[in-house]
Amino acid sequence: MWSLPAALSLLMLLLLLLQAPPCRLQSLGTTKLRLVGPGSRPEEGRLEVLYQGQWGTVCDDDFALQEATVACRQLGFETALTWAHSAKYGQGEGPIWLDNVRCMGTESSLDQCMSNGWGVSDCSHSEDIGVVCHPQRQRGYLSERVSNALGPQGRRLEEVRLKPILASTKRHSLVTEGAVEVRYEGHWRQVCDQGWTRNNSKVVCGMLGFPSEAPVNSHYYRKIWNLKMKDPKSRLKSLTQKNSFWIHQVNCLGTEPHMANCQVQVAPARGKLRPACPGGMHAVVSCVAGPRFRPAKAKPGRKESWAEQEPKVRLRSGAQVGEGRVEVLRNHQWGTVCDHGWNLISASIVCRQLGFGSAREALFGAQLGQGLGPIHLSEVRCRGYERTLSDCPSLEGSQNGCQHENDAAVRCNVPNMGFQNQVRLAGGRSPEEGVVEVQVEVNGVQRWGAVCSDHWGLSEAMVACRQLGLGFASHAIKDTWYWQGTPGAGEVVMSGVRCSGTELALQQCSRHGPVHCSHGAGRFSAGVSCTDSAPDLVMNAQLVQETAYLEDRPLSQLYCAHEENCLSQSADLMDWPYGHRRLLRFSSQIYNLGRADFRPKTGRHSWIWHQCHRHYHSIEVFTHYDLLTLNGSKVAEGHKASFCLEDTNCPTGLQKRYACANFGEQGVTVGCWDTYRHDIDCQWVDITDVGPGNYIFQVVVNPKYEVAESDFSNNMMRCRCKYDGHRVWLHNCHTGDSYRANAELSLEQEQRLRNNLI
């Protein structure tokens, strides 16, 4: 018999054991979390944890704001706003991995908090916890990518393709119609058509780079299928009897960026020994290619919104086709989109609107460069059914404190045109450089050969690097004697190449019919050096407008400027040093908004010393300054040499890297700017010979494309200029791509700068 004190001691011991404090989880490195639930908001939903290859939920016992904050930070958000108990975002499935989670609030991941241990819980799914995070992303949280994980075990639905069936579709290099095939765990399978919908087709087309789907003649394809099934020579009948040949069933909403996000059943339910596709056939899909990817003479089968008018959205500064910073057109002016709430569903609307497929990555934090100008949109909330981004609910970008460091970007799925197989580089020190060799048809035969370097420049090199999938061109090389090309491919097969820079392949650029190369092949074949990042210079138009004024400057103070050709030709005929020149002066501030530093084309050993001003020119013509009539005729001109290319200022937290003092390195760091004050020599246009009237004042940065940039469309700045012979007004100053092409006249009544007296 136990004595009463002994029995009480034993009972207390048992109670202590049962109420043992929560244990700390075994660290798993970075445990994966996700938010699941109705709606498309990426920052809220039911909290789920991946453990041992299976997703499970978290019980709401003891869960509060500290635990939600740790979870939100781990998911890439700044902090948590609140939490939601009792399965507010719906009941989950599978195990309840965590219960009684207790965090200090300083942990970097949920598995560093205390809990009962993995899978130890007395909860049901009616107690699944949900969290609401602040939409602001953390610095360093770069993007939301498409996941091809399928099901709780994380198996991969790796790839989708269309297998052409009709002879007419087999002849085309771009396959837009055929049977759906899915690569699952390393093997290609066909998808059963039972229960197949247009929403499924839309998702497949989006993955393949097409913006929309079209109906197919299923009766005709069924006839072909039946004929093959009856053909004794065909293996199709025996193959279709194996479940490993099929994906049993797919059910998509049409908003998913990848088929793995749909409800996919690879095989019939367990325990049912039945065929995967009884009486069915393979699903057939027909996709509609975007305008850029159609054959030149082809017409779309039906009108699309992106074909009817110029899209009010565009991508800028992307290294590849179908990627870039998202910009939208509002009130005739282009502006950026804030990354608050930015996700794959909204990014896919942008991609489809531009004639691409669905988005494969939604990027945050100005990963593809910062814009300049207004931030039009924030908290974009697309559901996935919208045709354009303007159809989605959103806030004004200025309402929640967005900066350009929050500019959103996207990478879209793009059709495989096969262009990458028609160009290659040879002889370079790395895979990113070398002699350009292209495949073209010569006398009915496909041949590899070189490209003549006559007229070869950065625009052509940009197209070559993009076609190769290597991003931007850093150099267009005309003299390649030190690179050995591929044996047998030394003959020039392409000459007179002229590209606008927007083409998908060199074969789409204009070129000579019969090949004519003044230098011949060999050492003068065209070459390139490619890079995945590039600078992007943009002029601060507002500063030009605010600082412009007139000065009558005596000739006695213009000897050095005259020596550097900064005055009009009529200055040569004047009686020096008597008289003066009338100068339109202004300050210029040039930002580098790209993803690489802007550096002079040549090193210090090649810089030119100018004795009069006693400084080096690293780029002989860095900017062009012109005064034009309203129809574009030039009436006055000036230029500015890059005598001091340096970081005049940088934003807080960014260190200056370039300074001209003591023959230092020259350049403009990413995010910094170089300022040329109005009171230095040559920072003007000589308008002595110009009569009163209305003009266009134009500044072009890097006018000869001496240094590669990710975007040349914003290198020009224009202002409307009114000169009455005594005073000058500059107004409506803007970079070349900041307004729609026909918007200048509609903005004529913009607020003018106050008079600038001489």
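This is a predicted model: local features need pLDDT of at least 70, side-chain atom pairs count only at pLDDT 80 or more; totals for chains, interfaces and linings use all residues.
Figure 1. Cys 721 counts as buried, at 3% relative accessibility. Because Cys 719 lies in strand 43 (residues 716-723) and Cys 733 in strand 44 (residues 728-735), the pair ties together parts that are 14 residues apart in sequence. Both Cys 719 and Cys 733 are buried. Cys 721, by contrast, is in no disulfide; the nearest cysteine sulfur is that of Cys 719, 8.2 Å away.

**Figure 2. The disulfide between Cys 205 and Cys 287.** The structure holds 15 disulfides; in this one the sulfur atoms are 2.0 Å apart. The S-S torsion of about -90 degrees makes the disulfide left-handed. Helix 4 (residues 198-207) contains Cys 205 and strand 18 (residues 284-288) contains Cys 287, so the bond ties together parts 82 residues apart in sequence. Cys 205 is buried at 0% relative accessibility, and Cys 287 is buried with a relative accessible area of 6%.

**Figure 3. The disulfide between Cys 452 and Cys 517.** The sulfur atoms of this pair are 2.0 Å apart. With a torsion of about 75 degrees about the S-S bond, the disulfide is right-handed. The pair links distant parts of the chain, 65 residues apart: Cys 452 is in the loop between strand 28 (445-451) and helix 9 (458-468), and Cys 517 is in the loop between strand 30 (492-494) and strand 31 (527-531). Both cysteines are buried.

**Figure 4. The largest nonpolar core and contacts of Met 259.** This core has 58 residues, and among those touching the most other members are Val 180, Trp 196, Val 250 and Met 259. Helix 8 (residues 344-353) gives the most to the core, with six residues. Contacts of Met 259 include Leu 157, Val 160, Trp 196, Met 207 and Val 250. A second, separate core of 33 residues includes Leu 550, Ala 636, Ile 687 and Val 690.

Figure 5. Four bridges join strand 35 (residues 588-592) to strand 40, and Ile 590 stands opposite Asp 674 in strand 40.

How values were computed. Residues are numbered from 1 along each chain as its sequence is written. Side-chain values use heavy atoms; hydrogens and water are left out. Two strands pair if DSSP finds at least two bridges between them. Helices (H or I, at least four residues) and strands (E, at least two) are DSSP runs, numbered from the N terminus. A nonpolar core is a set of buried Ala, Val, Leu, Ile, Met, Phe, Trp, Tyr and Cys residues joined through side-chain atoms within 4.5 Å. Buried means under 20% relative accessible area, exposed over 50%, partly exposed in between (1.4 Å probe, protein chains only). Contact means heavy atoms within 4.5 Å. A disulfide is a pair of cysteine sulfur atoms within 2.5 Å.
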